[in-house]
Amino acid sequence: MKGYAMLKIGESGWIEKEVPKCGPMDAICKPLAVAICTSDVHTLWEGAVGERHNLILGHECCAEITEVGSLVKDFKVGDRVLVPAITPDWNSLAAQAGYSMHSGGMLGGWKFSNFKDGVFSEFFHVNDADGNLALLPANIDVVNACMLSDMVPTGFHGVELADVQFGDSVLVVGIGPVGLMSVAAASMRGASRILAVGTRPNCIAAAKKYGADEFISYKNGTIEDQVLALTNGQGVDKIILAGGGNETFESAVKCLKPGGKIGNVNYLGSGDYVQIPRAEWGVGMGHKMINGGLMPGGRLRMEKLGSLVSSGRLDVSPLTTHVFDGWDHLEEALFLMRDKPADLIKPVVKLAD
Ligand code: NDP
Ligand code: ZN
């Protein structure tokens, strides 16, 4: 089979590999559509998770099952499925402790394009098919279904990590596709005011639709100065970090109220340390919580998030700005994600209807 791989840091291309083998609890799938993620860019060009050789990239897709293992109960060949970016081992102790995403070690639930071949391939392997896959609702098209792999679960998880409650004032730093889903989730959770950081005009337009009230440009001074100016020096109750660099933590601590919470879902691609400002962190006693996490996967989660889209409560269509037809355009879509032209939110490559 053909797969589009990271050959080494900074180099990628099509390679040939054996079709993966299906264990008793596994499934083999072929993608119906794949989406490119900013994380693919961090991995390939920044080497953010280290060197990888001939590792097939990609972790966002929806797919059709082509083979199931003998112990798989709830899926069969031909089923169309939502595929989460994170596919934990559900019988692990980490999963039993409530942190399935870290099964097999820190971030171990993130297998595709990290520890094993990803989904930019004619066929790919899914461990624990019953635990990880979910049926694709018939009224969600394949392009929108790709947003359920990572963008929806990650953006929503940021809001869970920040513990957004009714009436909270919320700051969302970064309104790429992940941050846009954080804006949508904060709105659903009852935020009374949502400030958002980002400059791309179509991201701002989408953020308005999802419920953002005011916008801050990180190019016009510090985030904290602008947030404090907009909040009479009070700051906000909750902050979701979904963009920017390591310095956003410093800004966030500076404009968070005591007792506030920061939920980080940003993938910090470089640097060795994150700095926390001592005084604004209440000299260590400010009750300002910083909570960073990888999105949870799992079938129940995917079914629930899928039902938000199939019921019409969450419209993910504004996220996809560029749709390509066929594998021949995969590289173009990947390079587009790296270069991030102003009109781009998310590129998707469609392989079937
Ligand atoms: P994008 O690059 O599309 O969006 C980034 C956003 O951050 C944009 O709104 C951008 O503004 C803004 N930004 C850029 N520089 C700064 C800055 N210095 N200060 C504040 N904001 C800034 O990213 P995605 O939405 O695709 O992904 C966001 C992050 O989430 C990535 O790091 C990605 O790897 C990570 N991620 C994490 C996952 C997890 O499970 N935890 C899963 C998936 C992704 P502008 O409008 O100017 O471009
Ligand atoms: Zn992703």
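## Helix 1

The buried residues of helix 1 are Ser-39, Asp-40, Val-41, His-42, Thr-43 and Leu-44. Buried means under 20% relative accessible area, exposed means over 50%, and partly exposed lies in between (1.4 Å probe, protein chains only). Helices (H or I, at least four residues) and strands (E, at least two) are DSSP runs, numbered from the N terminus. Helix 1 covers residues 38-45, and because six of its eight residues are buried, the helix is largely enclosed by the rest of the structure.

These buried residues pack against strand 1 (2-8), strand 2 (11-16), strand 3 (27-35) and helix 11 (330-339); contact means heavy atoms within 4.5 Å. After helix 1 comes Gly-47, with a positive phi near 60 degrees.

## Basis of the values

This is a predicted model, in which local features need pLDDT of at least 70 and side-chain atom pairs count only at pLDDT 80 or more, while totals for chains, interfaces and linings use all residues. Residues are numbered from 1 along each chain as its sequence is written, chains are lettered from A and ligands numbered from 1 in the order in which they are written, and side-chain values use heavy atoms, with hydrogens and water left out.

The whole structure contains 16 salt bridges, each defined as a side-chain nitrogen of Lys or Arg within 4 Å of a carboxyl oxygen of Asp or Glu. In one of them, Asp-89 pairs with Lys-111, with 3.3 Å between the closest N and O atoms. This pair links distant parts of the chain, 22 residues apart: Asp-89 is in the loop between strand 6 (80-83) and helix 2 (93-96), and Lys-111 is in the loop between helix 2 and strand 7 (124-126). Asp-89 is partly exposed at 29% relative accessibility, whereas Lys-111 is buried at 12%.

Glu-214 and Arg-193 form another salt bridge, at 2.8 Å from N to O. Here too distant parts of the chain are linked, with Glu-214 in strand 11 (residues 214-216) and Arg-193 in strand 10 (residues 193-197), 21 residues apart. Glu-214 has a relative accessible area of 24% and is partly exposed; Arg-193, at 25%, is also partly exposed.

Arg-299 and Glu-303 are joined by a salt bridge whose closest N and O atoms are 3.3 Å apart. Both residues belong to helix 10 (residues 299-310), where a spacing of four residues is about one turn of the helix. Arg-299 is partly exposed at 22% relative accessibility, and Glu-303 is partly exposed at 40%. Together with Asp-74, Arg-299 and Glu-303 are linked in a network of salt bridges.
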